[in-house]
Amino acid sequence: MEGNKRRSFRVLVAAWLLVCVPALAAQHPHLYTKWENYTRANGMPDDKVLCVTVDGQRVWAGTESGLVLIAEGKIQRVFTPQDGLAHRVVTGVAVDRRTGDVWIATFGGLSRYSGGVFQNFTNMTSGLVNDIVYAVAVQNEYVWAATTAGISRLNTRTGEWSIFSDRNAPMHEPWSYGIAVAEKKIYFAVWGGGVLEYDIAGGYWKPYTDPDEEMEIVLFRNQGLIHVIVSSVAFNPDTKMFWASTYFGLSGYDGRNWHNYLSTDSGLASDFINATQSRGDEVWACTDKGLSVLNYKTNAWVTYRPDAGTGRGEIIITGPGNKVSRLDSPDSLAHNYIVNMDFQGEDIWVATAKGLSHGTYETHKERKPHEHTENSR
Amino acid sequence: MSAARMPQRIRSGWSRLALSITGVLAVALGSPWLAAAPPQTRTARNLEPSYLTPVELKFSPDGARLYVVCEGSDALLAVDARARRVIGRVRVGHKPRDVAVSPDGKTLYVSNEWSDTVSEIDAASLKIRRTLQTGWGPIGLTTDRTGAILYVANSIGDDVSLIDLRRGVEIKRLAAWRSPHYVALSRDARRVYVSNLLPHLGPYDQPPVSELTVIDTAKQAVAARVLIPGVIELRHIAEAPGKPASYLLVPFLRPKNLNPLIQVAQGWFLTHGMAVVRLPAGAAFPETHPQVTQVLLDDLDSYYAGPNGAVFTPDGRYAFVTSSEANVVSVIDTTRLERFLRRKKDADLSNRLDSAAEFVVRRLRTGLNPAAVAVSPDGQSAFIANRLDDTLTVVNVRRLEVQSVLRLGGPKEISALRRGEQLFHDAHFCFQGQFACGTCHPDDHLDGVAWNLETPQLGRDRVANRTLRGIAETAPYKWNGHNPDIETQCGPRTAKFLFHSEGFDAGQLKDLVAFVKSIPLPPNRHLAADGQLTPAQERGKAVFFRKKCETCHPPATHYTAKYGTDVGSATKFDTAGLFDIPQLDRVYQTAPYLHNGEALTLEEIWTLYNLEDKHGVTSDMTKEQLNDLIEYLKTL
C-alpha cells in the first residue's frame with residue numbers, strides 16, 4: 001500500500017515535471033529541452049564534430065571531413081580541401097568581428113576564408129610553427145594559432161610571424177590546445193603545461209600550473225589549477241574570470257581565488273572535459289559524459305545527455321546540497337561525448353562525437369530548477 | 001653635351017662618391033646595416049625638372065572643377081573645367097596617386113603613396129586641413145555615400161584602410177590580395193570595388209588569376225573576391241550607369257607567359273582588354289558568383305597596350321578606355337558591346353582579336369602615357385590625364401573627337417630621363433605594338449608572373465619577372481647574368497628577342513637606360529624610421545651573418561655578389577643551373593622568388609626548395625630562426 005502510494009506520488013511528480021520542463025527553462029540555469037541535430041543523415045560531411053563557432057546568424061562547424069556553414073537552420077555549404085581549405089580535419093574556427101574574415105584551424109595548417117576564397121598558411125609556406133593547429137583566435141590585427149609545436153602569432157598588417165614555445169615562453173610542453181582572448185590578456189590552454197597568460201601590452205607571460213603536481217590526485221583543492229593537462233580555456237567577459245577545462249576537473253580563476261570542481265562532489269558530469277565556455281554567472285563543461293553547466297551564483301548544476309536506452313534527453317539537475325533531480329525531454333543532444341560548444345543569443349550549439357546539436361532556448365515560462373528535487377545524493 | 005643631359009653626368013659622379021663613402025663607412029664600422037642602406041644618390045631625379053606627371057583626375061560634383069593629381073610634383077591641381085585653365089595648386093605628400101571628392105564637394109582626399117598618408121584638403125581654399133595615416137602605399141580611394149568613411153587601397157600592405165573621417169582615424173583594415181590599386185564606389189553605394197594590380201601567387205607553370213575585391217559598405221567587410229583567370233594588371237573600375245543589372249568594366253593585360261616569347265613575332269602574345277563583370281542583382285555574396293566575360297580591345301594586327309583608365313558617359317552610351325602605352329583612348333559603344341555579348345553569350349571571347357571591331361567606334365590619339373579618364377557630369381567632355389607630357393586631352397563626346405589639349409604647366413624642357421621614361425612606356429617599338437617595357441614592369445616594378453623568355457621551346461627556361469627598382473648598381477642582368485649592363489639588356493637584345501622590331505636607336509637607348517637606372521627604391525615599410533631593428537629583426541640579422549648569407553648577398557652591393565650561382569633551384573626544364581644572385585633590396589615586394597618564381601613566399605625558398613642545402617645550410621635552422629631571418633630580410 002505504502003509502495004503504491006510512493007509509486008503514485010512519483011508518477012505524479014514525474015508528470016508534473018514533464019509538463020513543467022519548459023517552465024524551468026528561463027531561470028538560471030536555463031534548461032534546454034528542444035534540440036535539433038545535424039548528422040550525416042541530414043547533410044553533415046561527418047558525424048565527428050570537433051568545433052563550433054557562432055558568427056551572428058551563421059554557424060561554422062568543423063568536422064573530421066570538412067567545414068560546415070549553417071544558416072537559417074540549414075546546412076548551406078560544406079567546404080573541403082577541394083574548395084581550397086587547408087585540410088579536411090577542422091579543429092577550430094574564429095571570426096574576425098571587424099573584418100568578417102573567418103580563420104580556420106585544421107590539421108593541415110591555418111586557413112583564412114574571406115569573400116568566398118580560402119588562403120592557406122602552413123609550416124612550409126609561411127611562418128606557422130606547425131600544421132597541426134588545434135585552435136585559432138583573433139585579437140585586433142593579430143591572429144593566434146595553438147599548435148602541437150607551440151603558439152604562432154601572425155600580424156596581419158605586417159605579415160610578421162612570431163612563435164611562442166618552450167624556447168621563449170614558460171611552457172613545460174609546447175602542445176597548445178586552446179586560446180581565449182580577454183581584454184588585456186590572452187589565455188592559452190597547454191596540454192601538460194597548464195594555462196599560460198600573455199599580457200598584451202607588456203608582452204610577458206605568466207604560467208598557471210597544478211600546485212600539487214600530482215597527475216591524478218587533487219591534494220590542494222582550491223589552491224591552483226586542478227591539473228596541467230588543459231584542453232581548453234575560456235574567458236568570461238562579465239565576471240573577468242578565466243576557466244580551464246582539464247582531463248581531471250574544471251578550474252576557474254577570478255584573479256584572487258581558484259574555483260575548482262570535480263564530478264565526485266558536484267553536478268559536473270565527468271572530470272574528463274574537452275572544452276569550456278563561460279558567460280554571465282554560468283560556466284559550461286563539455287565532458288565525455290554529457291554537457292554540464294554551473295550557475296555559480298546559485299551553485300546549481302544541470303547536465304544534458306541523451307539516454308542511450310530511449311534516445312530521449314536526460315536532464316540532471318544538481319542543486320545546493322547536491323540535491324539531484326532527473327528530468328527527461330523528448331529531444332536530446334546528438335551524443336553524450338561533447339567536444340565543444342558556443343552561444344547564439346540564448347541558444348547553444350554543441351559539437352559532439354556523433355553530430356552537431358542546436359539547443360533552442362524557450363522563453364515563455366520560468367521556474368527555478370532546483371525547486372523540483374526528486375532525491376539527493 | 002646638352003644641358004638636358006648634364007644632370008645625368010652629375011648624378012653619376014655623386015652617385016659613385018656617395019656609394020663609396022657609404023661602403024667605406026660600412027666597412028670601417030663593421031655595420032652591415034649601414035652598408036646596406038640604399039644609396040640616397042638619385043641625384044639625376046633630384047636635379048630633374050619638376051614635371052607634373054598627371055595620373056588621376058576627378059570632377060567636382062557640379063562639374064565646374066577638375067582636380068588633377070600630379071605624381072611627379074607632389075601636387076594637386078584645380079582646373080576650371082569650363083575655362084580650361086589651372087586655377088589652383090596645393091602641395092600634398094610624396095608621390096600622390098589618386099583623389100576622392102567628398103559627396104558635398106567641399107573636401108578632397110589625396111593618397112600619398114610614399115608617405116603612407118592621405119591629405120585632406122578644403123576644396124574651396126585648397127588648403128590642407130589634416131593628414132590622415134593609412135596603410136602602406138595608399139593609391140585608390142573613395143568615400144562612402146555619406147562621406148563618413150574613406151576607403152583607401154594600400155598597394156604595399158595588400159589591404160584596404162577604412163578611415164573614420166569624423167575622427168580622422170583608421171577603424172579597420174580589410175585584406176585585399178596583391179597590390180590593390182584602384183577603388184570605385186558602386187552607384188548604389190552598397191559596394192566598394194578594389195582592383196588588384198598583381199595576380200594571386202600560384203604555380204609558376206599555370207596561367208595567372210587576378211582578383212577584383214568587393215567590399216560590402218554596410219558590413220564594412222569583404223563580400224566577394226571576383227577571380228578573373230588568365231589576366232594580370234587590373235586597372236581602373238567603371239560601372240555602367242542606370243541599369244538594375246549593371247556591369248563593371250575593368251581593363252587588364254592578358255599575357256601568354258607560358259608560351260615562348262618568340263611567338264611575339266606571330267602576334268597575339270600580349271593582348272589587352274577588359275573584364276565585363278556582371279554582378280547578380282541583390283544576390284548575397286559570396287554564395288552567388290558574378291559573371292565575368294573577357295573581351296579584348298586589340299585589333300587583329302594592331303594592339304593597344306597598357307589598358308588603364310575607364311569611364312562611362314553619364315547616359316551610359318559610351319565608355320572610354322585609355323591605352324597608356326599606345327597613346328590612344330578607345331571609345332566603346334555600349335549598346336553594341338551589350339548586343340555583341342548577348343550574341344556571343346556562350347563563346348569564349350578572351351582570346352579573340354576580332355571582337356573590338358564590333359564595339360569600338362573610335363580610336364583617338366591622346367598625349368603621352370594616358371592614364372585616368374573622366375567625363376564631365378553634363379556628359380559633354382571627356383578629360384584624359386596624359387602622364388608623361390603634362391597635358392589633358394579633351395574629347396568632345398558628342399562628336400567623338402579630340403577637341404583640345406590642355407597644358408597643365410610644368411617644365412617645357414624635356415630631359416633625358418623624361419625621354420627615357422616616355423620610351424619606357426611606348427609600345428610602338430614592339431611588333432604590332434604589343435607591349436612596352438612598362439607593360440611587364442608596371443609602376444617600374446614587376447608583373448608577378450614567370451615568362452618563357454629564354455628559349456623557343458615550350459615549357460623550358462621559364463623565369464620570373466624582376467623588378468627594375470633600384471637596379472642601377474646590380475649588374476649583371478637577367479637571371480642567366482648574360483647581360484653585363486642595362487644597355488645590353490635594353491638594346492639590341494630587347495629588339496631581337498622581345499620586341500621583334502628594330503628597337504631603339506643609340507640616342508633613345510641612352511635615354512632609356514638613364515631612366516631605368518634612375519628608378520628609385522620605395523621607402524622600406526619594415527624598417528623603423530630611425531633604422532632601429534626589432535628584436536626579431538636583430539635575431540634574424542645574426543642568423544644572416546652566422547649562416548654566411550652575405551657571401552652571396554653582400555650588403556655593400558645591394559646584397560648581390562653579382563655573379564651566377566647554383567642554389568639547387570634548377571629543374572629539369574632549365575637549360576642552365578647557374579642563376580644570377582638577385583639583389584635583396586625591398587625583397588618583401590618581389591614575390592615570387594627564385595629564378596622561375598617557384599617559391600611563392602620567402603619561407604618557401606628554404607622550406608620547399610633548399611632540400612640539398614645549396615641555398616645556404618639551412619636544414620638545421622629552427623622555425624623560429626627562419627622567421628627571424630625573414631623579418632631581417634624584409635628590412636633590406
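Predicted model: local features only at pLDDT ≥ 70, side-chain atom pairs only at ≥ 80, totals over all residues.
Residues are numbered from 1 along each chain as its sequence is written, chains are lettered from A and ligands numbered from 1 in the order in which they are written, and side-chain values use heavy atoms, leaving out hydrogens and water.

**View 1. Where chain B meets chain A, 32 residues of chain B are in contact with 28 residues of chain A.**
Contact here means heavy atoms within 4.5 Å. Look for 2 salt bridges between the two chains (a side-chain nitrogen of Lys or Arg within 4 Å of a carboxyl oxygen of Asp or Glu). Arg167(A) pairs up with Glu624(B) in a salt bridge, with 3.3 Å from N to O. There are also 12 residue pairs in polar contact between chain B and chain A, both residues at pLDDT 80 or more (N or O atoms within 3.5 Å; within protein, one able to donate a hydrogen and the other to accept it, and sequence neighbours counting only if both atoms are side-chain atoms). On the chain B side, at least two residues each come from strand S12 (169-175), strand S16 (221-229), helix H12 (602-607) and helix H13 (623-633) (DSSP runs numbered from the N terminus; helices are H or I with at least four residues, strands are E with at least two). Sorted by class, that side of chain B has 14 nonpolar, 7 polar and 11 charged residues (Ala, Val, Leu, Ile, Met, Phe, Trp, Tyr, Cys and Pro are nonpolar, Asp, Glu, Lys and Arg charged, and the others, Gly among them, polar).

**View 2. H13(B) is largely enclosed by the rest of the structure, because 10 of its 11 residues are buried.**
Buried means under 20% relative accessible area, exposed over 50%, and partly exposed in between (1.4 Å probe, protein chains only). The buried residues of H13(B) include Glu624(B), Leu626(B), Leu629(B), Ile630(B), Tyr632(B) and Leu633(B). What do the buried residues of H13(B) pack against? They pack against strand S13 (161-164) of chain A, together with helix H11 (535-546) and H12 of chain B. Glu624(B), then, is a buried residue of this helix, and Glu624(B) also takes part in the salt bridge to Arg167(A).

Chain A has 377 residues, and 56% of them are buried. Take the contacts in chain A between residues at least 6 apart in sequence: 48% of those join residues at least 24 apart.

**View 3. Chain B is split into domain 1 (1-41), domain 2 (52-175) and domain 3 (524-636), with bounds from an automatic or database domain assignment.**
The contact between domains 2 and 3 takes 6 residues from domain 2 of chain B and 4 residues from domain 3 of chain B. The C-alpha centres of these two domains sit 37 Å apart. Together they bury about 410 Å², with 59% of it on carbon and sulfur atoms. In domain 2, the residues that lose the most area to domain 3 are Asp116(B), Trp136(B) and Ile156(B), which together make up 90% of what that side buries. The two domains share 1 salt bridge and 2 residue pairs in polar contact, both residues at pLDDT 80 or more. The domain 2 side that touches domain 3 has 3 nonpolar, 1 polar and 2 charged residues.

**View 4. Asp116(B) forms a salt bridge with Arg525(B), with the closest N and O atoms 2.8 Å apart.**
Asp116(B) sits in the loop between strand S6 (107-112) and strand S7 (117-122) of chain B. Is Asp116(B) buried or exposed? Asp116(B) counts as buried, because its relative accessibility is 13%. A polar atom of the Asp116(B) side chain also lies 2.8 Å from the backbone nitrogen of Gly137(B). Leaving out residues up to four places away in sequence, Asp116(B) touches several others, including Leu132(B), Trp136(B), Pro138(B) and Arg525(B).

**View 5. His558(B) lies in the loop between H11 and strand S31 (564-565) of chain B.**
At 5% relative accessibility, His558(B) counts as buried. The side chain of His558(B) makes a polar contact of 2.7 Å with the side chain of Asp585(B).

Key:
Buried area = accessible area lost by both parts, 1.4 Å probe.
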